[in-house]
Protein chains: 2
Amino acid sequence: MIEYPAGTPGPHVFVDSLDAMHLDADDLAHLSKSLRMRDGDPLTVSDGQGNWCRATFSSSGSLQSNGTVHSVPARKRPLTVGFSLVKGSKPELVIQKLTELGIDRIVVLAAERSIVKWDDDKVGKAMQRWQRIIREAAMQSHQVRLPTIDALVPAIDWLGGTDVAIAHFGGNTIDASHTSIAIGPEGGWSDDELLAATQRVSLGTTVLRAETAAIAAGTMLTAASEHTQSDGG
Amino acid sequence: MIEYPAGTPGPHVFVDSLDAMHLDADDLAHLSKSLRMRDGDPLTVSDGQGNWCRATFSSSGSLQSNGTVHSVPARKRPLTVGFSLVKGSKPELVIQKLTELGIDRIVVLAAERSIVKWDDDKVGKAMQRWQRIIREAAMQSHQVRLPTIDALVPAIDWLGGTDVAIAHFGGNTIDASHTSIAIGPEGGWSDDELLAATQRVSLGTTVLRAETAAIAAGTMLTAASEHTQSDGG
């Protein structure tokens, strides 16, 4: 039986190493000021590499381990959601939610019909912002690993992968055989992109906004994967 | 094989009756101005009672039916998500997403540890706003029915229902036997609420924000229900 920090009292933080656990300045400020933690309060600590332990808070920023180090094995095949770059703050929402759900890899796609076009400078700045969102969401949701993020990846290239399914009305039901789902832009996939895709999965009988589709795909992938694990698969 | 408007080209609107289809002024403005529809363009029309048909747009606001009226049967047991009232615009986000996903009934709960407390006047105004969000989201996602919404319902009462499961770490896997899921406030359920609940379901191994949990619960309920339907259950 794998133990997860989510079942354990107290907030959750990341440190560089579980051998000598030091909080970084921002995390220390967050725990002591926003969460008003006091010396001796319980929390869980992870190295972001799958390992975690119970610990007690100290306002010095050096944490005392309080028990065994648990290791959560990585999924054999990483769960991936790719979504086409959309306007405004929706990528932030999608990235936050996919991280909370425990998706392993996030791919921000440049689809042929994406309305948003970004240069390298804008992508670089967005990546810094997204990495911060991922770390915060991973702490908040008590993850032991941070998802990786790739941006911007041309959709036509990514869709050709044999393990990638596009979300499409009338596609197959998502099950544990699926590991990667691609969500199209509001304008839909281009003909070339549809041809490139080798698999189609269904997200249901309604038309979802792009960001809802990405969150639903993440939910279905993790749910299907967890059912398999709990069945001993 | 049930036909859904989601598989059909064009936008989707609601009218009072499919016998004489007249667009209301806001919908006409939306279709002609925002979506730039022209006379003869295809769309789908629903009465919000499970019935829909293909039609052609007319700038007069009177639509011509273009084929058979299809009927989508209601689910035998309505799928319901209850969530505790949370701060800011998060209820709007949850209500929009649950509508898109095709949830039948939305219940806004007053939990003992809800930080937000509203008087009747505030609830009344929020209900008007939420009804607008539901109608817009149902149009945008091509629904044939609008979910009902109840607010505010004391959680302690609702959780005692035999068909209601609370989302709780370590609960059962969601399957087609589940119809109603309750999401607690950020502060968690009170002891009395935990005692009142007769069933527990799991949303996975991570800690989800309240709004993410509600969207994930809606995704899992509709997915489990659709699997059953497609299996002939």
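Between chain A and chain B of this predicted model, 12 residue pairs are in polar contact, both residues of each pair being at pLDDT 80 or more; a polar contact is a pair of N or O atoms within 3.5 Å, where within protein one atom must be able to donate a hydrogen and the other to accept it, and where residues adjacent in sequence count only if both atoms are side-chain atoms. On the side of chain A that touches chain B, at least two residues each are supplied by α2 (90-101) and α6 (210-230) of chain A, helices (H or I, at least four residues) and strands (E, at least two) being DSSP runs numbered from the N terminus. The largest share of that side, 9 residues, comes from α6(A). By class, the residues of the side of chain A that touches chain B comprise 12 nonpolar, 13 polar and 5 charged, where Ala, Val, Leu, Ile, Met, Phe, Trp, Tyr, Cys and Pro count as nonpolar, Asp, Glu, Lys and Arg as charged, and the others, Gly among them, as polar.

In terms of contact (heavy atoms within 4.5 Å), 30 residues of chain A meet 30 residues of chain B. The buried area, that is, the accessible area (1.4 Å probe) that two parts lose on being put together, summed over both, is about 2,800 Å² between chain A and chain B, with carbon and sulfur atoms giving 62%. In chain A, the residues that lose the most area to chain B are A:T205, A:V207 and A:R209, which together account for 20% of what that side buries.

A network of salt bridges links A:K97, A:E100, B:R209 and B:E211. A:E100 has 0% relative accessibility and therefore counts as buried, the limits being under 20% relative accessible area for buried, over 50% for exposed and in between for partly exposed (1.4 Å probe, protein chains only).

Helix α2(A) is mostly covered, with 9 of its 12 residues buried, among them A:K97 and A:E100. The end C-alpha atoms of α2(A) are 16 Å apart, in agreement with the 16 Å that its 12 residues should span at 1.5 Å a residue, the expected span being 1.5 Å times one less than the number of residues. A:G102, whose phi is positive, near 90°, follows α2(A).

Within chain B, B:D24 forms a salt bridge with B:R135, the closest N and O atoms lying 3.7 Å apart. This pair links distant parts of the chain, 111 residues apart, with B:D24 in the loop between β1 (12-14) and α1 (25-34) and B:R135 in helix α3 (residues 120-140). B:D24 is partly exposed at 35% relative accessibility, as is B:R135 at 27%. A salt bridge also joins the side chains of B:D150 and B:R105 (2.9 Å, N to O); B:D150 lies in strand β8 (residues 148-154) and B:R105 in strand β7 (residues 105-110) of chain B, so the pair ties together parts that are 45 residues apart in sequence.

Residues are numbered from 1 along each chain as its sequence is written, and chains are lettered from A and ligands numbered from 1 in the order in which they are written. In this predicted model, local features need pLDDT of at least 70 and side-chain atom pairs count only at pLDDT 80 or more, while totals for chains, interfaces and linings use all residues, and side-chain values use heavy atoms, with hydrogens and water left out.

Terms used
Salt bridge = Lys/Arg side-chain N within 4 Å of Asp/Glu carboxyl O.
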